[in-house]
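Q: I would like a close look at a single part of this model, with its surroundings described step by step.

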Amino acid sequence: MKNIYAIIFSCFTAATFFTSCSKDKTVAPSGDNTVKTTLSIQFDNIVGDKNLQLGTGTYTNAVGEQFKVDFLKYYITNIKVKNSNGVEYTVPKDSSYFLVNEADGASQFVKVRVPEGDYTSLTFILGVDSLTSVMDVKKRTGVLDPSGGMDEGMYWEWNMGYIFFKMEGTSNVAPADPSGQHKFRYHIGGFGGYNAPTINNIKTITVDLTTAGIAKARVGREANIHLMVDILKMFNGKTNVSIATYPTVMFADFSATIADNYSKMFTHDHTEN
Amino acid sequence: MRKYYWCVAAMIAFLIWSCQKDKNQEPAFEGFVQPAGFPVPTYNVAGNPVTKAGFELGRKLFYEPRLSRNNTISCGSCHLQTSAFTHHGHDISHGIDDRLGSRNAPPIMNLAWNTTFMWDGGIFDLDLQPVAPITNFVEMDEKVSNVLEKLRNTSPYPELFKKAFGSSDITTATMMQAMSQFMIMVISDQAKYDSVMRGLASFSEDENKGYAIFLQKCNSCHKEPLFTDHSFRNNGIGAGPNNDSGRFAITLNPKDMYAFKVPSLRNLAYTAPYMHDGRFYTLQGVLTHYTSEVADMPTLDPLLKTNGTPGISLTSQEQAQLLAFLNTLNDKKFITDTRFSQETQ
């Protein structure tokens, strides 16, 4: 008798256990494309094995140079997601301009509206696409407002275009500027040129979500795709960048090398569904 | 009888009133009008139609020193109407705190036809052009967001923006659009040359000969009627002490090294000195350069070479005739037009 109770109890416990495990399976997407929900993409900036700490953390690049980071901002635009059936959804362009700022925690959670679904792949542009770069002033609002909507300094007014990626900091190997600081400055942009071709550092990044966890977008919930953004990759890549050799890189040919390097800095860590 | 007198009195009063009305009535505001003989403008006028309120607001902003960090420098500080909107007598300009720039202030003139702005063409949209001088360290050294904030707190700007754009909100877009409305209206098309082309006047003998020389030797770059083809060329003046790379800084194309925008030849009498760094103080100096001082550099414009020899051959008589023609491009009405002047606002 005691055994029967034990079996019933075990069955009940097991059933409860399985039910809770299969919770996600039971909530199927509605299949209605017009039903949209919020999808969050977290840009968690790190430096190799360490978390990025502005101003205080000390890091070392592949050529052995120590450095600190004081400023990090980059544009994330043109977001697309692909579901398990291979169907792609492009977030409307106007709702797809973001500026990630290491000094502003909220800016590191990029939130877009997508149809319900199971998403296996995420695509975005690191930078600002060429059409947006030549867009009418009336449409340049929010983070694209050249008056400082991007909190100043993410726009080249003398050679019109947005700075896609901007990182500044200090390193003893960087030459001293007139104020005595050993600063490095990487301001990377270049959308290809308006009426004469020039450097194009627009990077389209696709992140596979199947290994670390697909994103299940459901109404009433907010899935969060947690990306690790390893800024050490900006230095360490196909060409290792030396701060001593290149303390300042802005609108110059070498910026393409840096952009190639940093295009590899995104990895999918996990998804909170 | 009394009624009759009243009638006459009323009629006389009406006549006087209507006469006065005509006298006081300003000509109707026409907005942007493409001058006869000019091509279709590059600027998208339909996207920002010029209204009287918008134009007048743009003019006020053009002469507004609040655009600068310490409220001392306006656009008009370096773009003086009496100098055809250049900085007469200055090879390079002094901006805020008397900081010196590195290039000669180009004219605000016929900008609706410009394909790019600045000597190196780094700006391709007039609506975003003012951001550059406002934020430049040696010019106004201010942030556009601060300018907007100052304007929001300065009467009568909110009211003027409401009149021009239907909302007293002052944004980057409305500020820039108002400034563009003023700038595209600053048109120089009333020189003697224009009258001749419209059949209303004729060239003197020297001017006519100078025009023929111009067509043969200058027009391929300084293309009429705007007297520029908007291209970038190295005209062989050689790098200055600051080794300004010109267009190269924008395109990073080695072929563009030391190339600068071909400037218009209109209003030369008012716009000395000449070239991107204002190195020539007289037109004779410019002609001497082209006839005998063109430096043979790897990126020298091929049009400035004949049979492998750099320069343009011009006898002293031809030079005098050419100068006579160039004088017909001076537009006195343009530099005295009260619609554009600081005093009018």
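Which residues does C221(B) touch, not counting residues up to four places away in sequence?

A: In this predicted model, C221(B) touches D229(B), S231(B), R233(B), V262(B) and L303(B), where residues up to four places away in sequence are not counted. The place of C221(B) in chain B is the loop between α9 and β1, and C218(B) lies in the loop between α9, which covers residues 205-217, and β1, which covers residues 232-233. C218(B), by contrast, has 21 C-beta neighbours inside 10 Å, and so C218(B) counts as buried.

Helix α2, residues 52-62, and helix α6, residues 157-165, have axes that come within 8 Å and cross at roughly 145°, and the crossing of α2(B) and α6(B) is left-handed. At this contact, A53(B), G54(B), L57(B) and K60(B) from α2(B) meet L160(B), F161(B), K163(B) and A164(B) from α6(B). Sorted by class, the residues in the contact of α2(B) with α6(B) comprise five nonpolar, one polar and two charged.

Conventions: Residues numbered from 1 in each chain as written. Chains lettered and ligands numbered in written order. Predicted model: local features only at pLDDT ≥ 70, side-chain atom pairs only at ≥ 80, totals over all residues. Helix = DSSP H or I, 4+ residues; strand = E, 2+ residues; numbered from the N terminus. Buried ≥ 20, exposed ≤ 12 C-beta atoms within 10 Å, placed from the backbone. Contact = placed C-beta atoms within 7 Å. Axes fitted to C-alpha atoms, helices over the stretch in contact; angles between N-to-C directions. Left-handed = near helix turned anticlockwise from the far one by under 90°. Nonpolar A, V, L, I, M, F, W, Y, C, P; charged D, E, K, R; others polar.
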